[in-house]
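Here is a quick look around a protein model, for anyone seeing it for the first time. Have the structure open while you read.

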Amino acid sequence: MTDALSFDFLADELSGKAMKLGKLGTRLKFVFEGEGQVHIDATGDTPVITREDADADITVTAPLKVWLDLRSKKLAPHVAAMTRKIKIKGDIGKGMKLAPRIMAVL
C-alpha cells in the first residue's frame, strides 16, 4: 500500500475536511478497523480533532478498504450504510439529522 492510501493519509484528509463542519453539537468518531480512529468534537465553535479513542455520540466503523472506496466514490456513504459495509452506533436520530453534513466529510 502506498503512503497516499495509508491510514495516516486518510485520517489527515478527514481531519482537514472536518474543520469545515463548524458547530454540530455532537462528537463523532470514525474508526478505521485495525488501524486507528479520528475523533471529532464538534460541540464548540471550532471542531477539535484528535486520534484519541474518546467517547462519541455517533461512531462510524469500517475497514480501511471501505474507507478507500468511499474516498474514491466507488461506494456511496448511504449505500455503505444500507449494505452494512459501515457500522453506525450511537444516537441514530441525531445521526440521521446530521447525515448530509457528516457525509460531506467522507
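Predicted model: local features only at pLDDT ≥ 70, side-chain atom pairs only at ≥ 80, totals over all residues.

## Who lines the largest pocket

Start with α4, which gives the most to the lining of the largest pocket: 6 residues.

## Inside the pocket

How much space lies in the largest pocket? About 280 Å³. There are 15 residues lining this pocket, and the ones closest to its centre are A81, I88, G95, A99 and M103.

## Where two helices meet

Now head over to another pair of helices. Two packed helices are described by the angle between their axes and the distance between the axes. Here, α1 (residues 7-18) and α2 (residues 64-71) have axes that come within 11 Å and cross at roughly 50°. That angle makes α1 oblique to α2, since only the ranges under 35, 65 to 115 and over 145 degrees get other labels. The crossing of α1 past α2 is left-handed.

Which residues do the meeting? On the α1 side they are F7, F9, L10 and E13, and on the α2 side L64, W67, L68 and R71. Sorted by type, the residues of this contact come out as 6 nonpolar and 2 charged, with no polar ones.

Notes. Residues numbered from 1 in each chain as written. Heavy atoms only, no water. Axes fitted to C-alpha atoms, helices over the stretch in contact; angles between N-to-C directions. Helix = DSSP H or I, 4+ residues; strand = E, 2+ residues; numbered from the N terminus. Left-handed = near helix turned anticlockwise from the far one by under 90°. Contact = heavy atoms within 4.5 Å. Nonpolar A, V, L, I, M, F, W, Y, C, P; charged D, E, K, R; others polar. 1 Å grid on protein atoms, 1.4 Å probe; cavity = no way out; pocket = protein on both sides within 12 Å on 5 of 7 lines; lining within 4 Å. Points joined across faces, edges and corners; volume = space filled by probe spheres on them.
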